Amino acid sequence: MVAPLTAAMELIIQPGTFSSMEIRKLNSQDIDTIANWFNEEWGHLSNDFSKENSIKQMNVRVNSNQIPLTIVAEEKNIVGTASLVETDLDLHNELSPWLATVFVSEEYRKQGVGQQLCLDMLNKARELGFKNCYLFTPSKEEWYLKQGWETIFKESYRGDQIVVMKFEL
């Protein structure tokens with residue numbers, strides 16, 4: 001059995017932080033909310049990004065244990081999500097898998113929710129036998145660096161400057 005990742009994360013989740021919060025697999029009732037989040041947050045990064053396309057992609061991920069898969073953080077309602085996908089940046093299909101669509105609703109930010117979602121996805125990638133995980137971000141490089149990720153390069157992507165990062169599992 002592979003030991004779960006914890007030490008690479010700089011921030012430590014405080015005991016009790018998630019006393020009423022559950023991290024679980026995506027289910028069909030979550031899809032509409034998450035599709036709205038995705039479209040608002042990242043719609044500008046893709047020519048074919050739409051709520052309808054997001055719904056189609058997420059239907060494949062419902063209750064999945066294999067890539068692609070999505071998890072959610074829930075406290076009465078869903079408050080965040082993260083995914084593990086085969087590829088997330090069409091310029092770099094040689095890199096896989098990707099941590100993708102990490103999103104936490106504004107009122108739950110800076111409480112460790114995003115960190116826990118990322119950690120759970122990294123542990124899943126490791127369980128599936130991967131040695132590295134990748135992500136790209138146009139704006140959260142510093143946050144991911146604090147979580148143990150390393151910047152591997154920067155480039156322009158569909159009008160935005162992005163950073164591509166790697167986490168060694």
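I began with Cys 118, which is buried, with a relative accessible area of 1%. Buried means under 20% relative accessible area, exposed over 50%, and partly exposed in between (1.4 Å probe, protein chains only). Cys 133 is buried as well, at a relative accessible area of 0%.

A note on what I am reading: this is a predicted model, where local features need pLDDT of at least 70 and side-chain atom pairs count only at pLDDT 80 or more, while totals for chains, interfaces and linings use all residues. Residues are numbered from 1 along each chain as its sequence is written, and side-chain values use heavy atoms, with hydrogens and water left out.

Next I looked for disulfides, meaning pairs of cysteine sulfur atoms within 2.5 Å. I found zero. Cys 118 is in no disulfide, because its nearest cysteine sulfur, in Cys 133, is 9.2 Å away, too far for a bond.

Then I turned to the backbone. Most residues other than glycine have a negative phi, and most peptide bonds are trans.

Ile 67 and Pro 68 are joined by a cis peptide bond, with omega about 0 degrees. Pro 68 sits in the loop between α2 (51-61) and β2 (69-75). For these names, helices (H or I, at least four residues) and strands (E, at least two) are DSSP runs, numbered from the N terminus. Ser 96 to Pro 97 is also cis, with omega near -5 degrees.

Lys 76 has a positive phi, near 70 degrees. I found Lys 76 in the loop between β2 and β3, exposed at a relative accessible area of 81%.
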